[in-house]
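Dear colleague,

Please find below the structure that I am handing over to you. My notes on what was found in it follow directly after.

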Amino acid sequence: MTEIWIIILALGVGTFVIRFSFLGILGNRALPLWLLRHLRYTAVGILPAMVTPLVLWPEATGGQMDPSRIAAASLALAVGLWTKNAIWAIVVGMATLWGIGWLLH
Amino acid sequence: MAASTPRTAYWRGFRAALPFTIVVGPFGLLFGVVGTEAGLDVAQVTGFTVLVIAGASQFTALQLMQDNAPTLIVIASALAINLRMAMYSASFAPHLGRAPLWQRALIAYMNVDQTYALSHADYEAAPSQSVAAKAAYFFGASTPIIPVWIGASALGIVVGEAIPPALALDFAVPITFIALITPALRTLAHVGAAVTSIVMAILLGFLPWNLWLLFAGLAAMMVGAEVERRMGARP
């Protein structure tokens with residue numbers, strides 16, 4: 001309970017400090033190139049790692065591989081790469097999952 | 001572009017941001033639904049959306065909390081995802097560094113992917129605008145996006161309980177992330193980072209406390225940076 005609020009407050013303050021950093025405190029100083037190079041890949045570096053176990057070993061199936069979830073994720077990936085459109089990728093991914101679920105029942 | 005006054009800049013930002021509410025709305029809704037299902041109460045879900053305003057990190061924190069990861073790991077992993085915003089902050093500094101402190105603080109608070117991308121593109125297209133006009137553009141872009149994010153999350157709390165489990169909404173989170181990542185895979189360096197991230201997540205899965213997430217992210221960043229350095233080209 002209090003633990004959740006500690007997480008919320010720490011994330012709120014920490015995220016604000018990150019966003020305020022150069023704009024507010026450090027001013028017009030240029031970032032070293034090597035640091036900029038690494039920062040560019042934070043989102044694309046962490047999010048796939050987080051998604052991987054959710055797709056391969058989902059909790060909803062007790063950690064067992066689920067072909068319909070893997071198919072849904074693969075199609076969402078393909079549509080996202082093809083259209084570069086997040087909305088279409090979500091629509092196709094969820095429709096795949098529901099479609100397979102409906103066919104099997 | 002003709003010299004823009006703060007007023008015209010504000011409305012230009014407002015109009016440019018409107019289509020993005022279509023992305024922000026469902027994402028916020030999903031956080032409300034998933035957060036409620038994870039056992040958070042109304043105040044906690046709202047606390048996340050209002051204080052953090054960073055969907056990807058909020059979902060990460062939620063996921064790790066459900067996995068019973070230690071508090072410190074939850075905070076570190078979720079903050080790591082937001083590190084990219086230090087880059088946003090740095091690229092705003094030459095344009096907005098001389099705005100009043102309260103404006104810079106407010107801009108920092110609302111500097112999310114969408115408001116950043118729109119404003120940065122506008123500043124690059126018309127760099128000679130006054131600082132006041134640039135700040136006004138940012139506030140214009142924030143006006144539809146931030147309230148829609150918060151409102152959609154609140155709606156998610158309300159409708160969450162009415163959604164049947166057969167909809168497998170648990171899986172909407174990974175699907176949404178896949179959808180958000182793929183448009184960003186525009187260079188070999190980005191692809192290299194993403195592939196490293198997946199491989200490391202599988203290889204390091206045995207590590208305790210969800211440490212694999214931080215290590216996989218770190219390794220992926222290093223691969224992305226190294227590929228970029230060798231290619232010798234900025235994306």
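In which hand, left or right, does helix 3 of chain A cross helix 11 of chain B? The crossing is right-handed. Please bear in mind throughout that this is a predicted model.

**The pair of helices**

Helix 11 of chain B covers residues 188-203, and its axis lies 7 Å from that of helix 3 of chain A, at an angle of about 40°. From helix 3 of chain A, the residues that take part are V44(A), G45(A), I46(A), P48(A), A49(A), T52(A) and P53(A). Their counterparts in helix 11 of chain B include H190(B), A193(B), A194(B), S197(B) and M200(B). This contact is made up of 11 nonpolar and 4 polar residues, with no charged ones.

**The two chains together**

The meeting of the chains as a whole involves 59 residues of chain A and 76 residues of chain B. On the chain A side, at least two residues come from each of helix 1 (2-26), helix 2 (33-39), helix 3 (42-56), helix 4 (67-83) and helix 5 (86-104). Helix 1 of chain A contributes the most to that side, namely 18 residues. Sorted by class, the chain A side holds 39 nonpolar, 14 polar and 6 charged residues.

**The nonpolar core**

The largest nonpolar core has 112 residues. Which of them touch the most other members? They are L47(A) and A76(A) from chain A, together with I175(B), F177(B), I178(B), I181(B) and A220(B) from chain B. The greatest contribution to this core comes from helix 9 of chain B (residues 131-160), which gives 13 residues.

Apart from its neighbours within four places in sequence, F177(B) is in contact with L47(A), M50(A) and V51(A) of chain A, and with A56(B) of its own chain.

**Chain A by itself**

Chain A contains 5 helices and 0 strands, so that its elements read α-α-α-α-α from the N terminus. Its radius of gyration is 20 Å, whereas a compact globule of 105 residues would have one near 13 Å. Along the principal axes, the C-alpha atoms of chain A fill a box of roughly 60 × 40 × 20 Å. Of the 105 residues of chain A, 46% count as buried. Among its contacts between residues at least 6 apart in sequence, 27% join residues at least 24 apart.

With kind regards

How values were computed: Residues numbered from 1 in each chain as written. Chains lettered and ligands numbered in written order. Predicted model: local features only at pLDDT ≥ 70, side-chain atom pairs only at ≥ 80, totals over all residues. Contact = placed C-beta atoms within 7 Å. Helix = DSSP H or I, 4+ residues; strand = E, 2+ residues; numbered from the N terminus. Nonpolar A, V, L, I, M, F, W, Y, C, P; charged D, E, K, R; others polar. Axes fitted to C-alpha atoms, helices over the stretch in contact; angles between N-to-C directions. Left-handed = near helix turned anticlockwise from the far one by under 90°. Core = buried A, V, L, I, M, F, W, Y, C linked by C-beta atoms within 7 Å. Buried ≥ 20, exposed ≤ 12 C-beta atoms within 10 Å, placed from the backbone. Rg over C-alpha atoms; globule rule 2.2 N^0.38 Å.
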